[in-house]
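This report is meant for a reader who is meeting the structure for the first time. It concerns how one chain meets its neighbours.

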4 protein chains.
Amino acid sequence: MAPQKLQVACAGLGRMGARHALNFLNRTPRAQLVAAFTPDPKEVQWAKTHLEPSGVTIYTDYDEMLRHSGLEAVVVATVTTVHAEEAIKAIEANLHVLCEKPLSTSVEISQSVLDAARRKPQLKVMCGFSRRFDASYRDAFNRMDSGSIGRPSVFRSQTCDKLDPSGFFVAYAEFSGGIFVDCNIHDIDLALWFFGQDSVVKSVAAVGICAVQPELRKHKDVDNGIGMVEFWGGKVAYFYSSRMMAAGQHDMTEIIGTEGKLSVNASPTGTLVEMHGSAGVQREIPADYYGRFEHAFVTEANEFTAACLDNTRLPFKLSGAVQAVKIGCALQESLNSGQKINFDEVGRRIESARL
Amino acid sequence: MAPQKLQVACAGLGRMGARHALNFLNRTPRAQLVAAFTPDPKEVQWAKTHLEPSGVTIYTDYDEMLRHSGLEAVVVATVTTVHAEEAIKAIEANLHVLCEKPLSTSVEISQSVLDAARRKPQLKVMCGFSRRFDASYRDAFNRMDSGSIGRPSVFRSQTCDKLDPSGFFVAYAEFSGGIFVDCNIHDIDLALWFFGQDSVVKSVAAVGICAVQPELRKHKDVDNGIGMVEFWGGKVAYFYSSRMMAAGQHDMTEIIGTEGKLSVNASPTGTLVEMHGSAGVQREIPADYYGRFEHAFVTEANEFTAACLDNTRLPFKLSGAVQAVKIGCALQESLNSGQKINFDEVGRRIESARL
Amino acid sequence: MAPQKLQVACAGLGRMGARHALNFLNRTPRAQLVAAFTPDPKEVQWAKTHLEPSGVTIYTDYDEMLRHSGLEAVVVATVTTVHAEEAIKAIEANLHVLCEKPLSTSVEISQSVLDAARRKPQLKVMCGFSRRFDASYRDAFNRMDSGSIGRPSVFRSQTCDKLDPSGFFVAYAEFSGGIFVDCNIHDIDLALWFFGQDSVVKSVAAVGICAVQPELRKHKDVDNGIGMVEFWGGKVAYFYSSRMMAAGQHDMTEIIGTEGKLSVNASPTGTLVEMHGSAGVQREIPADYYGRFEHAFVTEANEFTAACLDNTRLPFKLSGAVQAVKIGCALQESLNSGQKINFDEVGRRIESARL
Amino acid sequence: MAPQKLQVACAGLGRMGARHALNFLNRTPRAQLVAAFTPDPKEVQWAKTHLEPSGVTIYTDYDEMLRHSGLEAVVVATVTTVHAEEAIKAIEANLHVLCEKPLSTSVEISQSVLDAARRKPQLKVMCGFSRRFDASYRDAFNRMDSGSIGRPSVFRSQTCDKLDPSGFFVAYAEFSGGIFVDCNIHDIDLALWFFGQDSVVKSVAAVGICAVQPELRKHKDVDNGIGMVEFWGGKVAYFYSSRMMAAGQHDMTEIIGTEGKLSVNASPTGTLVEMHGSAGVQREIPADYYGRFEHAFVTEANEFTAACLDNTRLPFKLSGAVQAVKIGCALQESLNSGQKINFDEVGRRIESARL
């Protein structure tokens with residue numbers, strides 16, 4: 001008899017949701033995608049073609065989907081604004097949850113997901129920080145963890161999207177929480193991973209510009225942001241995010257220790273092909289985030305599935321996802337206020353007046 | 001109702017066989033691994049743990065496996081010496097076949113597989129040239145094919161294994177056909193792909209040395225081989241193979257045209273991590289062939305499956321696999337005789353006396 | 001008759017001074033090194049061996065050297081604390097001046113050099129920002145200048161020295177002006193070059209840590225500093241400097257425009273050699289600043305000489321050197337105060353109270 | 001009193017000759033260019049502008065130049081056909097000689113230069129194998145020499161010129177000796193350097209094509225050549241040369257030992273700039289040989305000068321230059337005859353009949 005498979009539903013079938021659905025359907029041997037939810041007629045149509053023939057039930061009502069017989073886990077990949085609500089509902093329905101990042105653009109709402117999860121300690125609730133599952137990042141972490149660079153001290157990380165001239169990012173900015181919450185949330189999460197999950201933020205400061213999309217200002221956002229974050233204990237991180245890369249997605253990270261440095265994707269690459277032509281030597285890089293991290297998403301699906309089935313620990317704690325939102329929001333606030341924001345040694349905000 | 005899956009059996013559960021079995025079991029959504037064959041008790045044991053619980057029937061008799069109810073396709077991944085015999089038996093049992101490279105170390109026997117396949121044109125019979133499924137090679141081919149380098153003229157390719165001090169390769173050399181048939185067969189196949197499947201060989205010449213394993217000479221083999229191949233029509237290729245790389249597997253290729261050049265893995269990489277330490281900047285590369293081409297094998301399994309289920313064309317012809325063995329064997333002969341070997345414009349060998 | 005050569009003296013024969021002296025002696029065909037000054041007996045000894053036999057007169061008194069018969073130009077390469085005084089004296093003696101960076105660690109004193117130079121418009125007075133003469137930086141600038149990346153908007157640059165465990169940098173920090181003035185001054189100058197010499201600073205903020213040399217705190221300095229600089233007109237720059245690189249000197253820069261990006265030394269290299277060994281693939285990078293920029297210093301000497309002899313424009317204005325010190329000092333102040341510092345649209349500092 | 005400078009004359013002021021003349025004039029502090037010879041009126045004109053004002057006497061008669069008062073050394077940089085004759089005349093006039101490669105396209109004539117030099121052991125006579133003075137090649141050699149790659153066993157090297165559509169190479173091929181003598185002579189010399197100056201050739205075989213310039217066939221030449229060379233003692237080398245690179249000059253080398261590998265310029269680079277644009281990430285590489293090796297030529301001039309003035313050993317023996325021509329000519333012959341050529345253990349050719 002074949003081993004039992006985790007019965008999974010996917011909420012949201014947009015760009016990332018469809019990928020999650022297909023990954024759980026086709027590339028996660030121990031999982032079975034049994035249900036999918038989307039309120040969007042176009043996505044329903046896509047699901048009827050790509051999911052239904054494989055036995056997936058399509059729902060247009062999230063609550064109804066939660067009641068799908070035998071369901072054990074939900075992937076929340078809807079728009080950010082409903083992440084938290086849907087995650088909490090799933091938790092309350094005693095379902096494991098893999099929730100796309102960020103939990104919410106609000107620290108308080110993010111915290112409410114964590115609170116809900118804490119009330120059901122038997123459930124696996126994970127925020128989908130996909131880079132945690134990337135082979136290169138894991139390789140870097142393991143090398144650092146084995147002491148190869150001494151004491152990690154300076155962290156630099158960037159999330160840089162290819163320019164999308166369609167104006168998509170302007171509309172998107174209304175709900176994204178801003179570039180530091182939407183893009184750099186990954187980099188902040190990585191900093192917490194590499195510096196230690198319980199690192200306490202000491203200060204944040206950010207600046208930014210609208211170089212190609214001045215309309216972003218109406219949503220208090222920018223298309224290029226730079227942020228510095230101090231942590232208590234003599235560690236600093238700095239971040240860059242951009243929406244205007246010409247060549248493609250360039251996410252990179254370096255972690256600098258007292259005895260060495262590790263970089264991930266410092267010299268960005270796509271395939272292993274180089275073209276020599278009259279313009280010199282040229283290589284292409286992935287056009288988007290999924291082009292860079294596709295395999296990480298597959299690993300994420302498989303490891304989440306294994307943790308649910310085997311009741312083993314998830315690779316990282318949900319509390320970090322709240323901490324990441326807190327830092328991202330503070331950077332976004334600093335960008336807009338022009339003020340540096342300080343925190344005491346337990347991470348409580350220090351009001352400027354007190355300085 | 002879920003779509004029907006291709007019922008697949010895997011013959012051979014050694015290093016590559018086990019990988020094929022797991023790929024068809026776990027990473028080929030449209031296939032179902034239903035049977036596996038191995039005469040080796042240790043491999044049977046492995047199969048009982050890794051395959052049987054998922055519903056795979058284990059056989060120790062190949063012919064019996066072929067009679068597995070509902071079987072549609074066989075992956076032949078046993079030792080090279082029985083590839084041809086097993087492939088032919090499967091073809092005669094009306095089964096699709098994916099046969100590991102080379103079909104045989106003998107041109108005649110390789111031809112007999114082709115002959116058998118031609119008698120059953122409805123079957124899909126493919127030689128497992130895994131690099132054909134690699135994203136980087138496909139990217140390079142497509143760029144060449146679209147004219148970006150003008151007329152392809154010079155081809156260079158190498159297959160270089162990490163040094164294995166265990167002596168494995170010495171024992172292996174007894175049956176491998178020699179370094180040009182075992183290693184460079186990939187490079188030769190790539191040359192035929194990039195220069196055109198019907199390219200006709202004009203001459204071959206090879207030299208080589210036993211730099212680390214002098215015992216190879218007793219099997220008429222070397223641990224470092226260099227070969228040059230002329231094709232009719234003004235094209236040349238040259239190949240290098242080695243069994244003594246210190247850093248890991250370094251397979252690379254470049255195709256030079258009249259207006260540009262494409263290289264694949266010229267600057268070998270593993271993950272995207274670089275380490276900066278007191279010895280400089282360092283990166284690791286894959287330790288073995290599978291580390292470099294894992295995803296290509298998964299694609300191979302999926303595309304072979306799709307071609308069988310949908311009755312579509314395979315991505316390349318079986319006849320090329322015979323041609324590749326012919327060139328590989330000629331290089332190996334030239335290595336040992338010290339003579340260049342010439343062929344006429346239809347590929348028939350010209351005896352030295354006739355020169 | 002051979003063309004006349006510029007009669008040059010070199011003040012200071014320490015690490016950089018000796019290099020300047022030899023470059024003017026041996027690698028600057030249109031210049032003749034005729035005099036050198038140093039108060040240090042060990043340096044005098046070195047000069048007797050390396051300079052005197054080639055006809056260079058050695059002085060231990062700077063003023064006396066200025067009166068060397070026929071002298072036309074002085075290279076000021078003494079310790080930073082006397083740069084300005086010696087430069088001004090040379091200017092007042094009607095001599096061209098190439099002064100090592102920074103002019104001074106004080107904005108006011110730097111300005112006094114500029115003022116002196118303005119009183120003698122016929123003289124060539126240049127601050128030795130060596131990267132301005134580097135082939136790679138010039139290549140990058142020319143590409144940007146020709147419009148290849150659209151409107152330059154974000155600038156990132158770092159100056160990272162190899163760890164020197166001798167404690168040299170602690171003693172040095174007493175007079176260096178701090179890491180932002182000593183190291184990042186180069187990066188700030190580059191930002192002014194790429195963004196335009198007359199860019200006006202809008203805000204600066206900096207953080208930093210003492211990761212390996214806590215004693216730096218007594219000189220209000222750090223061994224790793226991060227700074228952000230906003231310019232009026234929608235441009236931002238960020239900088240990193242470090243004294244603890246394990247692998248060697250890694251100075252790098254990238255300039256990001258609305259249509260592309262240029263990077264200089266993103267993937268640091270030394271010679272073109274790569275070593276493949278059991279630890280992977282490895283390359284060394286220059287151990288120090290001169291290893292990276294040796295040829296730039298030679299070009300600097302030759303171009304300064306040509307400008308003096310031919311009375312042509314220097315490649316950049318002296319006023320930028322004052323602006324660079326101003327920004328460097330503000331970053332250093334921000335590092336120590338923990339406050340962001342703001343400037344109005346003509347570059348005048350805005351006191352916090354006014355915010 | 002300034003130290004005495006080597007009194008140097010330069011014969012030939014074509015492309016390379018002019019560079020040599022300027023290097024000895026401006027970038028070789030211990031040398032003084034006092035004379036130059038060219039029979040070409042255009043080159044005389046150039047010399048009147050660029051050399052005469054610096055005190056260089058221009059000659060249109062080589063013999064007359066040799067009698068220039070006080071002359072100590074001659075750089076022979078005329079066309080290959082007169083290298084040997086001019087070098088021998090200079091030697092007989094008791095002058096040190098730096099002769100451009102190759103000494104001759106004939107082994108016998110090359111040998112006659114060596115014979116002449118042996119009759120004047122007090123003279124420094126060097127063949128200008130410029131790569132011997134390149135920092136990267138020296139770095140690689142030193143690493144190999146210190147044992148870092150075990151026993152060097154396989155050598156690969158290429159000399160690949162940018163496509164010159166003017167047809168220059170066709171006319172040039174009449175006297176160049178062919179691609180293996182003109183281009184790969186550098187690679188052959190490097191093989192002799194890395195494998196040991198006294199390595200004895202065992203066999204050579206070559207193939208080639210005219211991919212872009214079919215007219216080369218009338219001079220028995222090709223635009224893409226591949227050659228294999230066996231050396232006695234278990235070493236092999238293979239070479240590639242091309243006249244049709246699209247991106248620029250790509251000369252590269254790798255030396256593979258039993259415990260590691262060293263590569264020089266495997267991933268070709270020019271400046272340290274990378275451009276990120278809509279076509280991906282791009283870098284330019286040098287357009288020609290001098291762009292890649294300019295600094296090596298300067299080093300060559302300085303080291304040759306030092307050896308003459310100080311009567312120290314040259315960095316390599318002249319006999320190797322004859323050996324390199326011998327191998328290059330044999331490759332060219334093999335290319336045209338289609339035959340492999342064999343040599344006995346003292347390097348004497350074995351006639352085919354004896355095989």
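Predicted model: local features only at pLDDT ≥ 70, side-chain atom pairs only at ≥ 80, totals over all residues.

Residues are numbered from 1 along each chain as its sequence is written, chains are lettered from A and ligands numbered from 1 in the order in which they are written, and side-chain values use heavy atoms, with hydrogens and water left out.

**The interface of chain A and chain C**

A rotation of 180° with 0.0 Å of shift along its axis superposes chain A on chain C, with an RMSD of 0.0 Å (copies are superposed by least squares on the C-alpha atoms of residues with pLDDT of at least 70 in both). This is the relation of a two-fold axis, and in chain A the C-alpha nearest that axis belongs to A:Ser267, 3.1 Å away. Of the interface residues of chain A, 100% are also interface residues in chain C, so the copies meet through the same surface.

The elements that give two or more residues to the side of chain A that touches chain C are the strands E7 (152-162), E8 (201-209), E9 (224-231), E10 (235-245), E11 (252-257) and E12 (260-264) of chain A; strands (E, at least two residues) are DSSP runs, numbered from the N terminus. Among these elements, E10(A) gives the most, with six residues. By residue type, this side divides into 18 nonpolar, twelve polar and eight charged residues, where Ala, Val, Leu, Ile, Met, Phe, Trp, Tyr, Cys and Pro count as nonpolar, Asp, Glu, Lys and Arg as charged, and the others, Gly among them, as polar.

**The interface of chain A and chain D**

Chain A can also be laid on chain D by a turn of 180° and a shift of 0.0 Å along the axis, with an RMSD of 0.0 Å. Of the residues of chain A, A:Gln282 comes closest to this rotation axis, its C-alpha lying at 2.1 Å. In E14(D), the bridge partner of A:Gln282 is D:Gln282, and three bridges in total join E14(A) to strand E14 (residues 280-283) of chain D, the two running antiparallel (strands pair if DSSP finds at least two bridges between them).

Which residues form a salt bridge here, and how far apart are the closest N and O atoms? D:Arg283 pairs with A:Glu274, the closest N and O atoms being 3.1 Å apart; a salt bridge is a side-chain nitrogen of Lys or Arg within 4 Å of a carboxyl oxygen of Asp or Glu. Strand E13 (273-277) and strand E14 (280-283) of chain A each supply at least two residues of the side that touches chain D, and E14(A) provides the largest share, four residues.

**The two interfaces in a table**

Contact means heavy atoms within 4.5 Å, and buried area is the accessible area (1.4 Å probe) that two parts lose on being put together, summed over both.

| Interface | Residues in contact | Buried area | Salt bridges |
|---|---|---|---|
| Chain A and chain C | 38 residues from chain A, 38 residues from chain C | about 3,000 Å², 69% on carbon and sulfur atoms | zero salt bridges |
| Chain A and chain D | 15 residues of chain A, 16 residues of chain D | about 1,200 Å², 50% on carbon and sulfur atoms | two salt bridges |
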